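The following note reviews the structure shown here, point by point.

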Amino acid sequence: MITTKDIRNKYVKNYPSAFCPGCGDGMVLNAMSRAVEKSGIDQKKVAAVSGIGCAAWIPSPYWKVDTLHTTHGRAIPHATGLKVGNKDLEVMVVSGDGDCAGIGGNHLLHAARNNIDLNVLMINNGLYAMTGGQVAPTTEHGEKTLTTPYGNPSQGIDICNVVKHSGASHVARWTTYHMNELIKEIERTIDIKGFSFIEVLSQCPTRTGKKEGLSGVEMLEWYRENTTKNKEEEGIYVGEIQYVERTELTEEIYEQISKRGGKPR
Ligand code: SF4
């Protein structure tokens, strides 16, 4: 049986951690590593793409797969090029909420519409953490942040709903409290042909925790108490939000190349 130490040695580079104590990002790295291990996929066939922000550090520099660390909000277009040029690669995008739903929001919509076979993990801590805790599109109405000291006057976006209605094959939401479910969901995305999007609610004890007077553990307890797996109940729904089979972009492109007598790679 593979041990925690084996997982660490096989998947995590031995660099000093840049994450603050109690941050959820290390937990997501753990979940991604365990999911790839459980899936049985060859680690050399996995590539991870990230943009800018604390969550972007999860794969790069820490994950032992091929990685592309790109510019702010542009992880998805880089991942799209990687997938279209190398259709057998399992391409994962790891991105924070500011990076993915804010600066890269337009790319997210179109990748979901195209249903390209990418696995996107959006790590949502509800603000721009790395740059000091500014308001993000995911910040809830009334929340105080560095740039909304009297409370956010805008509404937070339900990004899973947006991605679902943009045409993604697979959409789900979990939190860092739900580690076993998160590992299973990431493992599942590896088999899904089409655009997979998992929103991971994740604690930022440095920006949100200090402001609310909560430790990392207390933030995990908040997720436990405020989420539900029952759509009929009050609370933040966690679980699968959508699964549909749809035409996938890369396969369609390769088919068209073949029809024109070309030779796909
Ligand atoms: S600022 Fe927040 S999200 Fe960034 S590493 Fe620290 S705890 Fe994690």
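**Notes on the predicted model**

1. Apart from neighbours within four places in sequence, valine 200 contacts Val28, Leu121, Met122, Ile123, Asn124, Trp174, Thr175, Thr176 and Leu182; two residues are in contact if their C-beta atoms, placed from the backbone, lie within 7 Å. The model is predicted, so that local features need pLDDT of at least 70 and side-chain atom pairs count only at pLDDT 80 or more, while totals for chains, interfaces and linings use all residues. Residue numbers start from 1 along each chain as its sequence is written.

2. Valine 200 is also among the residues with the most contacts inside the largest nonpolar core, together with Val28, Val93, Leu121, Met122 and Phe197; this core has 63 residues. Helix H2 (residues 25–39) supplies the largest share of the core, seven residues. A nonpolar core is a set of buried Ala, Val, Leu, Ile, Met, Phe, Trp, Tyr and Cys residues joined through C-beta atoms within 7 Å. A residue is buried if 20 or more other C-beta atoms lie within 10 Å of its own, exposed if 12 or fewer, and partly exposed in between, with C-beta atoms placed from the backbone. Helices (H or I, at least four residues) and strands (E, at least two) are DSSP runs, numbered from the N terminus.

3. Seven strands make up an open sheet with mixed pairing, in the order S2-S1-S3-S4-S8-S7-S11; two strands pair if DSSP finds at least two bridges between them. Strand S2 (66–69) and strand S11 (239–243) are at the edges with a single partner strand each, so one side of each has no neighbour in the sheet. Direction ignored, neighbouring strands of this sheet are turned by 15° against each other on average. Axes are lines fitted to C-alpha atoms, for helices over the stretch in contact, and angles run from 0 to 180 degrees between N-to-C directions.

4. Strand S4 (residues 118–124) is largely enclosed by the rest of the structure, because seven of its seven residues are buried. Leu118, Val120, Met122 and Asn124 point one way from S4, while Asn119, Leu121 and Ile123 point the other way; all are buried. With strand S3 (residues 90–96), S4 pairs in the parallel sense over six bridges. Valine 94 has leucine 121 of S4 as its bridge partner, and glycine 96 has isoleucine 123 of S4. S4 also pairs with strand S8 (residues 196–201) in the parallel sense, over six bridges. There, isoleucine 123 stands opposite valine 200 in S8.

5. Helix H3 (residues 75–85) lies across strand S1 (46–50), S2, S3 and S4, and runs at about 175° to S3. The axes of H3 and H5 cross at roughly 35° and come within 8 Å. At this contact, Ile76, Pro77 and Thr80 in H3 meet His107, Leu108 and Ala111 in H5. The residues of the contact divide into four nonpolar, two polar and no charged. Ala, Val, Leu, Ile, Met, Phe, Trp, Tyr, Cys and Pro count as nonpolar, Asp, Glu, Lys and Arg as charged, and the others, Gly among them, as polar.

6. Alanine 111 belongs to helix H5 (residues 105–114). Alanine 111 counts as buried because 26 other C-beta atoms lie within 10 Å. Not counting residues up to four places away in sequence, alanine 111 touches Ile76, Thr80, Ile116, Leu118 and Phe195. Alanine 168 is 57 residues from alanine 111 in sequence, and their C-alpha atoms are 8.1 Å apart in space.

7. Most residues other than glycine have a negative phi, and most peptide bonds are trans. Asparagine 115, in the loop between H5 and S4, has a positive phi of about 50° although it is not a glycine. Asparagine 115 is buried, with 25 other C-beta atoms within 10 Å. Serine 60 and proline 61 are joined by a cis peptide bond with omega of about 25°, and proline 61 lies in the loop between S1 and S2.

8. Around the ligand stand Phe19, Cys20, Cys23, Asp25, Cys54, Asn125, Ala129, Met130, Cys204, Pro205, Thr206 and Arg207, where near means a C-beta atom, placed from the backbone, within 6 Å. By class, this shell has eight nonpolar, two polar and two charged residues. Helix H8 (residues 205–212) gives the largest share of the shell, three residues.
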